[in-house]
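Please work through the exercises below with the sequence and the structure side by side.

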Amino acid sequence: MINDRFKTSLIEYGWYPYLESYFNSPNWDRLRTFLADEYKKHTCFPKLIDIFQVLKQPLSEVKVVVVGQDPYHGPGQANGLAFAVNKGQIYPPSLRNIFSELKQDTGGQPDDGSLLGWQAQGVMLLNASLTVRHGQPGSHSDIGWQELTDLIIKTVSDQSPRCVFILWGNHARKKRHLINYMKHGIVESAHPSPLSCRGFYGTKPFSKTNEILTRYGVKPINWSK
């Protein structure tokens, strides 16, 4: 069962009716038990209080979904949003590449890497796994998060009248089957990591997303905020 405070938050932001079945399932109980032990025995990210930062966003206001893999695994970096870091942190390579492409695409970029300004405008920055062990990328990829995060993607696809899904890299592209592409826009390319950024640079995902939103009659994102 979920605690009352978390349930209230899910209700406040409109997620509860669609995620209730998961949070009242044995799968969530197993995941929660695992995380309690994992955070006790190991250093994990993000902080417990930030794990569900991505759901502190009204479902009704989500108009862009960016799909990532898992949080940054270095100390002090992860803030609960995909590709974002806590204020004051040095930008990891993927985020540097994202900002470099953003500057080429739109001419600007945010003042910090928290990406909270994007979230406030309706950009959901969702990792497939919401936690990770220190120094071990992908370490929590098979503990049960994907059942929930797939449900979140499907919920946005089902409930949002119009949305744009940004899929960077093969991992994110595997989520395409969860999206109603007859109703929503999809922008995809290589991942912005240094290993694949050659296929990411020049793809103009930010202006393409805004073009789609404008076509839908939805206010575009100010990516410089």
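A residue counts as buried when its relative accessible area is under 20%, and as exposed when that area is over 50%. The model used throughout is a predicted one.

**Exercise 1.** Decide whether Cys163 is buried or exposed, do likewise for Cys197, and state how many disulfides the whole structure holds.

Solution. Begin with Cys163, whose relative accessibility is 0%, so that this residue counts as buried. Continue with Cys197, which has a relative accessible area of 13% and is therefore buried. A disulfide is a covalent bond between the sulfur atoms of two cysteines. A search of the whole structure for such bonds gives zero disulfides.

**Exercise 2.** Work out how helices H2 and H6 are oriented to each other, and which residues make their contact.

Solution. Helix H2 covers residues 16-23 and helix H6 residues 145-159, and they pack at an angle of about 160 degrees with their axes 10 Å apart. Since angles over 145 degrees count as roughly antiparallel, H2 and H6 are therefore roughly antiparallel to each other. The crossing of H2 past H6 is right-handed. On the H2 side the contact is made by Tyr18, Leu19, Tyr22 and Phe23, and on the H6 side by Glu147, Leu148, Leu151, Ile152, Thr155 and Gln159.

Note on methods: Residues are numbered from 1 along each chain as its sequence is written. This is a predicted model: local features need pLDDT of at least 70, side-chain atom pairs count only at pLDDT 80 or more; totals for chains, interfaces and linings use all residues. Side-chain values use heavy atoms; hydrogens and water are left out. Axes are lines fitted to C-alpha atoms, for helices over the stretch in contact, and angles run from 0 to 180 degrees between N-to-C directions. Helices (H or I, at least four residues) and strands (E, at least two) are DSSP runs, numbered from the N terminus. Angles under 35 degrees count as roughly parallel, over 145 as roughly antiparallel, 65 to 115 as roughly perpendicular and the rest as oblique. A crossing is left-handed if the near helix is turned anticlockwise from the far one by less than a right angle, and right-handed if clockwise. Contact means heavy atoms within 4.5 Å. A disulfide is a pair of cysteine sulfur atoms within 2.5 Å. Buried means under 20% relative accessible area, exposed over 50%, partly exposed in between (1.4 Å probe, protein chains only).
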